[in-house]
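Hi everyone, thanks for making time.

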Amino acid sequence: MGLRMGKSETTSHHFGGWGDKAAARTAFSVSTICILIMGFILYFLVKESLPVLKATTLSELLFGMDWYPQETPPALGMFPLIASSLAVTFLSSAIGLPVSIVIAVFTAEIAPRRLRSLVKPLLELLGFLPSIVFGFLGMVVVAPWLQARFNLLTGLNMANASALLGMMMVPIVGSLADEALCAVPRELRDASYALGATRWETIRRVVLPSALPGVLSASLLGVMRATGETMVMLMAAGGAAVIPQSLFDPVRPLTSTIAAEMGETPVGSEHYHALFFAGLILLLITLAINLLSAKIEAKGLKTKGGNL
Amino acid sequence: MDKTESDLDLPQVRTQNLDLYYGADRVLRSLNFDIPRGCVAAFIGPSGCGKSSYLRCLNRMNDFISGARVEGRVLIDGEDIYASGVDVIALRRRVGMVFQKPNPFPMSIYENVAYGPRLFGVKDRETLDETVRSSLEGAALWNEVKDKLNTPGTGLSGGQQQRLCIARAIATEPEVLLMDEPTSALDPLSTSRIEELIRDLKSRFTVAIVTHNMQQAARISDYTAFFLLGELVEYGTTSQIFTVPVDKRTEDYITGRFG
Ligand SMILES: Nc1ncnc2c1ncn2[C@@H]1O[C@H](COP(=O)(O)OP(=O)(O)O)[C@@H](O)[C@H]1O
Ligand SMILES: [Mg+2]
């Protein structure tokens with residue numbers, strides 16, 4: 001969308017108001033379509049997930065400890081799945097975000113221009129790797145290493161999946177945070193240096209705080225990516241529907257549960273509807289993160305307001 | 001020049017055979033002049049003649065420009081600031097700077113002013129409070145902001161922002177204050193407030209100010225330097241430069257501007 005609008009704006013130089021109108025119209029129709037699609041997905045998810053409440057209660061769904069959906073009658077407690085999703089999201093963020101931010105500070109502030117122009121494209125390239133590659137990495141490299149190193153029954157567990165997800169965050173979060181840091185105006189850095197600050201003091205006290213809204217929304221994007229990631233979870237998380245007690249317990253997040261079980265369940269069964277309900281929970285989690293990020297961005301604009 | 005020289009008993013800023021290169025470009029050419037203590041020295045000249053570059057030589061901000069190279073000497077209080085082993089951080093504390101565009105940090109008014117003192121390790125709340133108050137008073141901003149010290153500095157008007165930047169610069173108690181066209185982005189009223197302020201400031205600081213506005217130079221400065229293409233064409237007391245310029249080019253520039 002951004003690209004298309006950019007193009008329209010350049011044409012507007014040649015054709016007077018036409019470009020502006022086209023841009024506005026494009027923006028309007030694209031966002032209308034987005035909202036329609038979003039609404040359709042939400043409607044569909046709700047419609048397909050609601051029937052599950054005939055078989056069980058909402059609190060049993062959300063807080064039930066047992067997930068045995070194939071038995072009769074099925075046990076549809078999703079708490080272990082939700083807990084797994086949240087735990088993996090949290091752990092992978094704890095690994096991935098600090099690394100991303102350190103890398104962003106390095107590329108934006110410390111690396112000489114040449115090195116930056118080498119590192120950034122590499123970082124972005126890493127972002128294009130399909131997640132199945134990371135999944136393979138988890139199965140073939142990380143899992144055996146973890147198993148041998150910590151003497152575990154299986155190397156396919158929460159630590160493994162979280163490390164991989166953390167790695168997958170780095171390209172997106174790193175390059176977006178890098179851009180947020182680079183967008184901090186030269187004048188602010190100059191003011192800091194002119195007051196006798198060192199480069200590090202300037203980064204810590206002026207550049208990072210100024211870029212904070214951008215860095216935070218980059219981070220939330222990374223977090224969302226981790227919450228929604230399926231392939232790596234499927235391949236490297238181990239898949240046990242229990243609440244993880246240690247870093248090395250296998251876990252079964254919502255995403256991989258849906259992916260693994262959807263194909264094997266009869267359409268219209270309670271299990272089928274329960275999986276849709278899991279999807280609805282995922283959507284709500286990402287929506288919440290999205291709203292949070294929008295809020296942070298708005299706040300950032302407000303504090304910067306006077307200067308822009 | 002002669003007349004000026006006799007006034008100087010202990011010049012605060014002495015510029016001796018100063019050359020500045022950006023790569024192969026020689027931007028400043030053998031500058032030689034002294035700025036006396038407690039005076040306002042104004043720098044005028046067409047844009048691109050090296051006024052900003054000269055100012056940035058005085059607090060070594062040109063160090064950040066790759067390819068920038070200085071020859072000659074700048075003595076501040078008798079100390080060569082380009083000698084090896086000079087503490088650039090300490091120098092920048094002694095030589096404060098106010099920029100063309102107001103550039104408050106995106107933090108509270110209080111934190112903007114406390115930024116410099118905090119860098120130098122002042123932690124005591126009372127000392128900081130006192131520094132913030134006296135600096136804001138010094139910048140003639142205290143009365144307007146004393147009830148909202150914790151609101152963002154970026155929320156102030158342009159003229160207030162620039163005075164905040166002045167307060168921030170004087171909070172480190174510099175001896176010399178550099179100002180690069182500090183009023184060029186401001187409305188006339190804010191401009192006259194800042195001009196008034198500069199006249200007060202010189203009792204405590206030596207002020208070196210670049211200005212595009214000839215009348216401003218005439219109003220606020222004691223000495224005026226006219227730059228052209230990196231050369232110092234003429235330097236003298238402001239009244240001499242504006243009434244009986246020695247160099248024809250100075251006269252042309254000054255009169256040309258006002259018809
Ligand atoms: N960072 C820089 N790198 C290279 N050349 C520069 C840089 N900054 C300024 N210059 C050049 O130095 C000359 C003097 O510029 P400047 O000091 O900004 O002039 P003034 O402040 O009098 O308008 C100009 O020719 C300008 O193009
Ligand atoms: Mg300039």
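Let's begin with a term: a salt bridge here is a side-chain nitrogen of Lys or Arg within 4 Å of a carboxyl oxygen of Asp or Glu. By that rule, there is 1 salt bridge across the interface of chain A and chain B. The partners are B:Lys101 and A:Glu187, with their closest N and O atoms 3.7 Å apart.

Some ground rules. What you see is a predicted model, where local features need pLDDT of at least 70 and side-chain atom pairs count only at pLDDT 80 or more, while totals for chains, interfaces and linings use all residues. Residues are numbered from 1 along each chain as its sequence is written, chains are lettered from A and ligands numbered from 1 in the order in which they are written, and side-chain values use heavy atoms, with hydrogens and water left out.

Back to the interface. On chain A, 20 residues are in contact with 26 residues of chain B, contact being heavy atoms within 4.5 Å. The two chains bury about 2000 Å² between them, 64% of it on carbon and sulfur atoms. That buried area is the accessible area (1.4 Å probe) that two parts lose on being put together, summed over both.

We also get 2 residue pairs in polar contact between chain A and chain B, both residues at pLDDT 80 or more. A polar contact is a pair of N or O atoms within 3.5 Å; within protein, one must be able to donate a hydrogen and the other to accept it, and residues adjacent in sequence count only if both atoms are side-chain atoms.

Which helix gives the most to the side of chain A that touches chain B? That's α9(A), with 7 residues. Helices are DSSP runs of H or I, at least four residues, and strands are runs of E, at least two, numbered from the N terminus.

Now, ligand 1. Among the residues around ligand 1 are B:Tyr22, B:Val27 and B:Ile65, "around" meaning a heavy atom within 4 Å. A polar side-chain atom of B:Ser52 sits 2.6 Å from a ligand oxygen.

Most peptide bonds are trans. A:Thr72 and A:Pro73, though, are joined by a cis one, with omega about -10°. A:Pro73 is in the loop between β1 (67–68) and β2 (75–76) of chain A.
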